[in-house]
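Subject: Structure handover

Hello,

Here is the structure you are taking over. Please open it beside this email and follow along in the viewer.

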Amino acid sequence: MTSGKKLALLTSLLLPLTCLATPTPDADDANALIASLNRPAPARTPFAEARFMRVLDKPLVVSGELAWLGGDRLERRVESPTKEVSTIADGEVTQEREGKKPRSFSLKRAPQLQVLLDSFVALLAGDPSRLGQSFDVTLGRDADRWRLTLTPRDARIAKQIAGIHVYGTGQLARCMRMDESDGDTSIDLLGDLAAKMPAEPTREGLIAQCGGAM
């Protein structure tokens, strides 16, 4: 598994679980809301993900459940179209696919992944200052729609992830978009919206479904 694929896997495990509150354009209010993200584990949410890749004519679509189990323990359980479980626990990332041997790698071999994990655990714990050490955080609003954008500060991560966008409406986080530096994009629909993944999704259609680009 290449470092880019490892980073994409780790981000897909982490990001949807952070989408639990509504940010505002005011920095102080945003920090207060990030602080309010702290919630008891386990925290679980349904998801449906469309991954748009330059080498494919159609996006790859998967769905299942994401869970934060406390501390640095996270789980991404894919139920369709095939069964797969990815976990982070005790400094190890493990993938288990139906009919195949489990694969794993240590976060010690990829320091940038450890930085990413620490940052999102900080977000789940409601620590905006710690989050700001690894990301430039910007907020946008259009009426009751909002978007939170995270831009990596670490050059090693920025070479692989251009930016992460969390979309929401009112008090509800609706989805997450990750733009990779090579042009690939992943869009996750969260919670009740996960059941509304189109049969033939497009980038533009999903962004509109999430609440629109700002």
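How many disulfides does a search of the whole structure find? The search finds 1. Please keep in mind throughout that this is a predicted model.

The disulfide

The bond is formed by Cys175 and Cys210, whose sulfur atoms are 1.8 Å apart.

Helix H6

Helix H6 covers residues 203-210, and its buried residues include Cys210, along with Leu206 and Ile207. Why do these three lie on the same side of H6? They do because the arc they cover around the axis is only 100°. Just after the helix comes Gly211, with a positive phi of about 135°.

The protein as a whole

There are 6 helices and 11 strands in the protein. Of its 214 residues, 49% are buried. Its accessible surface is about 10400 Å², and carbon and sulfur atoms account for 50% of that. For contacts between residues at least 6 apart in sequence, 45% join residues at least 24 apart.

Salt bridges

Side chains of opposite charge can pair when their charged atoms come close. The count of salt bridges is 10. Three of them are described here, including the one between Asp184 and Arg54, with N to O at 3.8 Å. Asp184 sits in the loop between S10 and strand S11 (185-190), while Arg54 sits in the loop between strand S1 (43-52) and strand S2 (60-70), so this pair ties together parts that are 130 residues apart in sequence. Is Asp184 buried or exposed? Asp184 counts as buried, because its relative accessibility is 6% and the cut-off for buried is under 20%. Arg54, in contrast, has a relative accessible area of 60% and is exposed.

Another salt bridge joins the side chains of Arg77 and Glu75, at 3.3 Å from N to O. Arg77 is partly exposed, at a relative accessible area of 31%, and Glu75 counts as buried at 12% relative accessibility.

Arg97 and Glu84 also form a salt bridge, and their closest N and O atoms are 3.0 Å apart. This pair links distant parts of the chain, 13 residues apart: Arg97 is in strand S5 (residues 92-97) and Glu84 in strand S4 (residues 84-89). Arg97 counts as partly exposed at 36% relative accessibility, whereas Glu84 is buried with a relative accessible area of 13%.

Strand S5, which holds Arg97, pairs with strand S6 (residues 103-106) in the antiparallel sense, over 4 bridges. Which residue in S6 is the bridge partner of Val93? The partner is Phe105. The hairpin has 5 residues between the two strands, and Gly99 takes a positive phi near 85° there.

Leu107 is found in the loop between S6 and helix H3 (111-124). With a relative accessible area of 2%, Leu107 is buried. Its C-alpha atom is separated by 10.0 Å from that of Ala89, 18 residues apart from Leu107 along the chain.

Strand S11

How many of the 6 residues of S11 are buried? The number is 6, and the strand is mostly covered. Thr185, Ile187 and Leu189 point one way from S11, Ser186, Asp188 and Leu190 point the other way, and all of them are buried.

S11 runs antiparallel to S1, and 6 bridges join the two strands. Within this pairing, Phe52 has Thr185 of S11 as its bridge partner. The salt bridge of Asp184 and Arg54 involves the loop between S10 and S11 and the loop between S1 and S2.

Where to begin

One place to begin in the viewer is the disulfide of Cys175 and Cys210.

Regards

Notes. Residues are numbered from 1 along each chain as its sequence is written. This is a predicted model: local features need pLDDT of at least 70, side-chain atom pairs count only at pLDDT 80 or more; totals for chains, interfaces and linings use all residues. Side-chain values use heavy atoms; hydrogens and water are left out. Buried means under 20% relative accessible area, exposed over 50%, partly exposed in between (1.4 Å probe, protein chains only). The arc is that of the directions from the helix axis to the C-beta atoms. A disulfide is a pair of cysteine sulfur atoms within 2.5 Å. Contact means heavy atoms within 4.5 Å. Accessible areas come from the Shrake-Rupley method with a 1.4 Å probe; for residues, only the protein chains shown count as cover. A salt bridge is a side-chain nitrogen of Lys or Arg within 4 Å of a carboxyl oxygen of Asp or Glu. Two strands pair if DSSP finds at least two bridges between them.
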